[in-house]
Amino acid sequence: MAGNHSAPSGPDLALGIALADLPDGGKLVGHRDGEPVLLVRRGAEIFAVTATCSHYGGPLADGLVADDSVRCPWHHACFDLRTGEALRAPALSPLACWSVEQRGDRIFVGEKRKKPAPAPRESDAGGSQERIVIVGGGAAGFAAAERLRREQYRGAIVVISDDEALPVDRPNLSKDYLAGKAPEDWIPLRKEGFYARNGIDLRLATRVADIDVGAREVVLGDGARVAFNKLLLATGAEPVRLSIPGADQPHVHTLRSLADSRKIIAQSGAAQRAVVLGASFIGLEVAASLRTRGVEVHVVAPEERPMERVLGPEMGDFIRALHEEKGVVFHLGDTAASIGASEVVLSSGSTLAADMVVAGIGVRPRVDLAERAGLATDRGVLVDAYLETSVPGIYAAGDIARWPDPHSGESIRVEHWVVAERQGAAAALNMLGRRKRFTDVPFFWSQHYDVPINYVGHAEGWDAIEVEGDVAAKDCLLRYKRGGRLLAVATIFRDAESLEAELAMEQSEA
């Protein structure tokens with residue numbers, strides 16, 4: 001699901017369509033000068049925008065129109081119908097817009113509109129001597145830097161990342177890229193020139209050792225100091241490492257970075273058998289990708305069903321059956337005891353042949369820096385509704401942030417890519433003084449072969465799961481409830497209903 005490049009379909013909108021063909025609230029796809037265009041009618045207004053999402057090319061005609069925006073059915077990106085602006089991650093690039101004219105009872109799409117120059121924001125754009133420092137080059141860190149410049153922030157932006165690669169589209173590292181269906185040049189969120197053009201000082205392969213809260217400086221690993229007016233911690237999470245004999249061998253991998261994915265791909269070319277430790281989303285996506293490459297895969301995990309803790313027993317059984325249909329062999333209720341040069345010994349005493357091993361046994365938030373700086377933490381960095389930590393002027397976003405979720409009424413921390421991007425953007429606005437509460441409903445998607453699972457909301461526990469449709473037939477919606485209250489919704493091939501569930505949750509905060 002890395003793009004959609006089909007030829008334009010529908011009517012030539014330059015020649016016009018009948019007004020009756022586009023009823024109020026309706027959507028219609030046509031084309032103008034060879035480009036697919038989506039028409040949306042809301043009362044007397046008619047909008048014309050690019051028909052596909054700028055993230056992975058999802059069909060916006062199948063999406064949801066709410067207010068003056070349209071939401072993508074695949075991964076819940078959201079766009080302004082008036083300006084084309086990407087309002088919500090995972091989309092970052094805007095949609096093109098066309099002029100629309102009504103003549104009598106016909107609608108005509110004119111020329112593509114030029115992108116308007118961004119309006120200056122004198123009240124919060126910041127002086128040229130100000131500096132915002134962002135620690136972390138993942139989803140939240142990148143999204144914050146991008147949004148600061150989109151909002152015309154004039155001060156300096158320094159992004160410090162201990163990764164050697166440019167900020168990347170991490171979900172693809174275990175999905176299409178690892179499966180060999182997406183080229184590497186699709187992986188960077190932006191090419192290198194983006195940072196120079198936007199005055200973003202991106203420092204790769206650079207470690208932050210400490211934060212001097214009193215001096216308002218970050219201390220780098222080499223002792224250098226970088227002053228800040230505002231600071232965003234977006235240090236993310238790191239894989240839990242195996243602590244068993246043989247875990248340090250070169251054919252044993254975790255997957256978090258582009259370098260990790262490259263190493264797995266390189267070894268998979270010669271590998272005949274792989275053992276995946278852990279039936280997490282990452283572990284199972286790796287299993288699917290390696291099966292797509294023709295590698296024999298065995299999955300070892302301590303639970304009775306894969307993903308049962310997150311998705312429940314029925315979905316867990318479905319996921320297991322799906323992978324078994326593709327040839328994956330499960331060893332559940334078991335763990336690895338040791339790893340040899342060409343085998344994995346299990347706690348049960350069984351031995352599995354393995355040319356390569358991938359451990360997907362979870363991640364832990366990287367909160368050491370925050371703890372040393374004296375920020376309040378509790379299984380993550382505690383932030384308020386504006387993503388500000390216990391120290392004024394220092395914010396946290398992404399996998400490390402534990403925030404007050406208005407939908408569940410609980411303080412939660414989640415490790416989802418879209419949440420991290422949206423939090424990064426929200427933190428950027430708050431560092432500019434906008435006072436924007438983060439109220440987005442958590443969302444993630446997981447891809448297993450050709451089956452996408454979308455999940456909105458957050459349910460760490462439930463007392464009832466309502467199943468609508470047929471899970472085994474890959475046509476279902478599951479509602480996770482506690483005390484009669486809806487906490488989350490998971491769907492397979494019910495994209496419109498997933499969007500509707502997200503909108504309903506937004507409209508009914510705790």
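Colleague: Which residue is the bridge partner of I465 in β35?

Modeller: This is a predicted model. Strand β34, residues 464-470, is joined to strand β35, residues 475-482, by seven bridges, and the two run antiparallel. In β35, the residue that partners I465 is Y480.

Colleague: Which residue in the turn between β34 and β35 has a positive phi?

Modeller: The two strands form a hairpin, with four residues between them. In that turn, a positive phi of about 60° belongs to K474.

Colleague: How do α1 and α10 lie to each other: parallel, perpendicular or oblique?

Modeller: Two packed helices are described by the angle between their axes and the distance between the axes. Helix α1 (residues 139-150) and helix α10 (residues 417-431) have axes 7 Å apart and pack at an angle of about 40°. Angles under 35 degrees would count as roughly parallel and 65 to 115 as roughly perpendicular, so α1 is, relative to α10, oblique.

Colleague: What is the handedness of the crossing of α1 and α10?

Modeller: The helices in question pack with their axes 7 Å apart. Their crossing is right-handed.

Colleague: What volume does the largest cavity have?

Modeller: Rolling a probe the size of a water molecule over the atoms shows where empty space is left. A search of the whole structure finds three cavities of 30 Å³ or more. The largest cavity has a volume of about 80 Å³.

Colleague: Which element supplies the largest share of the lining of the largest cavity?

Modeller: The lining includes D176, A179, E285 and T292. Its residues divide into three nonpolar, four polar and four charged. At least two residues each come from α3 (176-179) and α6 (281-292). The largest share, four residues, comes from α6.

How values were computed:
Residues are numbered from 1 along each chain as its sequence is written. This is a predicted model: local features need pLDDT of at least 70, side-chain atom pairs count only at pLDDT 80 or more; totals for chains, interfaces and linings use all residues. Side-chain values use heavy atoms; hydrogens and water are left out. On a 1 Å grid over the protein atoms alone, a cavity is a set of points where a 1.4 Å probe fits but cannot get out, and a pocket is an open set with protein on both sides within 12 Å along at least five of seven lines; lining residues have an atom within 4 Å of a point. Grid points are joined across faces, edges and corners, and a volume is the space filled by probe spheres set on the points. Ala, Val, Leu, Ile, Met, Phe, Trp, Tyr, Cys and Pro count as nonpolar, Asp, Glu, Lys and Arg as charged, and the others, Gly among them, as polar. Axes are lines fitted to C-alpha atoms, for helices over the stretch in contact, and angles run from 0 to 180 degrees between N-to-C directions. Angles under 35 degrees count as roughly parallel, over 145 as roughly antiparallel, 65 to 115 as roughly perpendicular and the rest as oblique. A crossing is left-handed if the near helix is turned anticlockwise from the far one by less than a right angle, and right-handed if clockwise. Two strands pair if DSSP finds at least two bridges between them.
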